[in-house]
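Here's a quick briefing to read with the model open beside you. Take a look at the fold before going on.

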Amino acid sequence: QVQLVESGGGLVQAGGSLRLSCAASGGTFSSYVMGWFRQAPGKEREFVANISRRGGSTYYAESVKGRFTISRDNAKNTMYLQMNSLKPEDTAVYYCAASKYVSVIITTTRPSDFDSWGQGTQVTVSS
């Protein structure tokens with residue numbers, strides 16, 4: 001099973017940018033569909049973005065489309081989330097996730113489709 005570690009979170013002002021990283025180990029990184037989710041205090045876990053195994057396809061939540069960019073570097077076993085034009089409502093703990101399931105589709109928004117998770121990194125956007 002793959003182990004995932006997020007980094008890059010922090011405190012930024014509205015309109016600012018932040019890049020999150022997710023480092024993977026203990027598995028074949030290129031075999032996993034990868035995703036980002038977030039969870040704000042008192043709210044349910046929310047889908048953010050997915051990326052296919054080779055990185056050729058991406059899928060975004062409507063709330064972040066046009067502002068966030070998901071990418072991956074399989075040679076470095078790392079996935080990224082570039083977040084631009086940040087809003088206070090983006091404040092949350094951000095989690096990276098990996099799916100080993102061969103049948104998973106890039107358009108899934110379900111946390112249950114992902115079987116490995118990182119510990120999360122806090123993103124706080126001030127107004």
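In which sense do S4 and strand S5 (residues 46-51) pair, and over how many bridges? The two strands run antiparallel to each other, paired over five bridges. Before the rest, bear in mind that this is a predicted model, where local features need pLDDT of at least 70, side-chain atom pairs count only at pLDDT 80 or more, and totals for chains, interfaces and linings use all residues. Residues are numbered from 1 along each chain as its sequence is written, and side-chain values use heavy atoms, with hydrogens and water left out.

**Terms for strands**
- Strands (E, at least two residues) are DSSP runs, numbered from the N terminus.
- Two strands count as paired if DSSP finds at least two bridges between them.

- Strand S4 covers residues 33-39, and six of its seven residues are buried, so the rest of the structure largely encloses it. Buried here means under 20% relative accessible area (1.4 Å probe, protein chains only).
- On the S5 pairing, Met34 sits opposite Ile51.
- S4 and S5 make a hairpin with six residues between them, and Gly42 in the turn has a positive phi of about 75 degrees.
- S4 also pairs with strand S9 (residues 92-99), antiparallel over seven bridges. There, Phe37 has Tyr95 as its bridge partner.

**Tyr80**
- Tyr80 belongs to strand S8 (residues 78-83).
- Its relative accessibility is 15%, so Tyr80 counts as buried.
- Setting aside neighbours within four places in sequence, Tyr80 is in contact (heavy atoms within 4.5 Å) with residues including Arg19, Leu20, Trp36 and Asp73.
- Tyr94 lies 14 residues from Tyr80 in sequence, and 12 Å away in space, C-alpha to C-alpha.

Definitions and conventions
Buried means under 20% relative accessible area, exposed over 50%, partly exposed in between (1.4 Å probe, protein chains only). Helices (H or I, at least four residues) and strands (E, at least two) are DSSP runs, numbered from the N terminus.
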